[in-house]
Amino acid sequence: MLGGKVVWVTGASRGIGQAIALACAAGGATTVLVARTAGHLADTRDKMSAGGFPTPIVLDYDITDSVAVGHAFQEVYKTTKRIDGLVNNAGIMRDALLGMISTADIEQSFSVNVFAALHHLQFASRLMRKIGGGSIVNVSSIMGHRGSAGQTVYSATKAALIGATLAASKELAPFNIRVNAVAPGVIQTSLLDGLSPEKLDGRVQSIAMGRIGTPEDVASVVAFLISSQSAYVTGQVLGIDGGMTA
């Protein structure tokens, strides 16, 4: 499904990002694994090796440094001569009630969740134009649609990603570059570790399918959007939430 393609995945060291990278590699893609520290990607790389998947390209750089982002894309393109897919997955979430949000948390959240994604989108789309097309997937959240108490900043950043997706999809469509977003609901990642059993049960009660999603539930949809099987799909925001109602 993705044989011969080069797919860039930010935040590929664990959780949803790791699952996306593994799904793309399983489909035959050469993956570019990104994390702030290369050592954090050892587990992802080992799982790819164990699965017999294509050897990944491992990069460690600050995704909020636009100069570093540009250098990374230039170096990989020199070697691969193509960038077919980009998954903007890296993100942070800071819990804080509205009156307690610090300026530093606001700035860091937008820097990581929005500005970094935009810089990656810029550089990837320039290179995709050279090869005649590509696919970009931004990992947003159900909170970008519906919000959540105590998550005003996070919800705002994920809503910004949706707006960027819709605008970029229109701008890049003439170049055969597709831009879509996924909006996961409650997914079994480390973000749930701090929830009490009661609060977690409340979340499950709001899901029509009656279960928490897995990183693989998200990864399979993203791999589809990166692949040519979704060649006529762009400007979409696909919810991956099991029918979450609240």
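1. In this note a residue is called buried when its relative accessible area is under 20%, exposed when that value is over 50%, and partly exposed in between, with a 1.4 Å probe and protein chains only. The model is a predicted one, in which local features need pLDDT of at least 70 and side-chain atom pairs count only at pLDDT 80 or more, whereas totals for chains, interfaces and linings use all residues. Residues are numbered from 1 along each chain as its sequence is written, and side-chain values use heavy atoms, with hydrogens and water left out.

2. R129 belongs to helix 4, residues 103-131, where helices (H or I, at least four residues) and strands (E, at least two) are DSSP runs numbered from the N terminus. With a relative accessibility of 48%, R129 counts as partly exposed. Leaving aside residues up to four places away in sequence, R129 touches F175 and I177, contact being defined as heavy atoms within 4.5 Å. From C-alpha to C-alpha, R129 is 18 Å from V233, and the two are 104 residues apart in sequence.

3. K158 sits in helix 6, which spans residues 152-172, and deserves a separate look. K158 is buried but has no salt bridge, and the nearest side chain of opposite charge, that of D95, is 13 Å away; here Lys and Arg count as positive and Asp and Glu as negative, while His and the chain ends are not counted. Not counting residues up to four places away in sequence, K158 touches V139, S140, S141 and G144.

4. Five salt bridges are found in a search of the whole structure, the criterion being a side-chain nitrogen of Lys or Arg within 4 Å of a carboxyl oxygen of Asp or Glu. One of them joins D62 to R36, with the closest N and O atoms 3.6 Å apart. D62 lies in the loop between strand 3 (57-60) and helix 3, and R36 in the loop between strand 2 (30-35) and helix 2 (42-50), so this pair ties together parts that are 26 residues apart in sequence. D62 is partly exposed at 27% relative accessible area, whereas R36 is exposed at 58% relative accessibility.

5. Two further salt bridges lie within helices. D43 and K47 meet at 3.4 Å, N to O, and both lie in helix 2, four residues apart, or about one turn of the helix; D43 is partly exposed at 39%, as is K47 at 38%. E75 and K78 also meet at 3.4 Å, N to O, being three residues apart in helix 3 and separated by about one helical turn. Of this pair, E75 is partly exposed at 47% and K78 exposed at 54%.

6. Backbone angles may be checked at two loop residues. Most residues other than glycine have a negative phi. K81, in the loop between helix 3 (66-80) and strand 4 (85-88), has a positive phi near 65°, and K81 is exposed, with a relative accessible area of 54%. N176, in the loop between helix 6 and strand 6 (177-184), has a positive phi of about 60° although it is not a glycine, and N176 is partly exposed at 47% relative accessibility.
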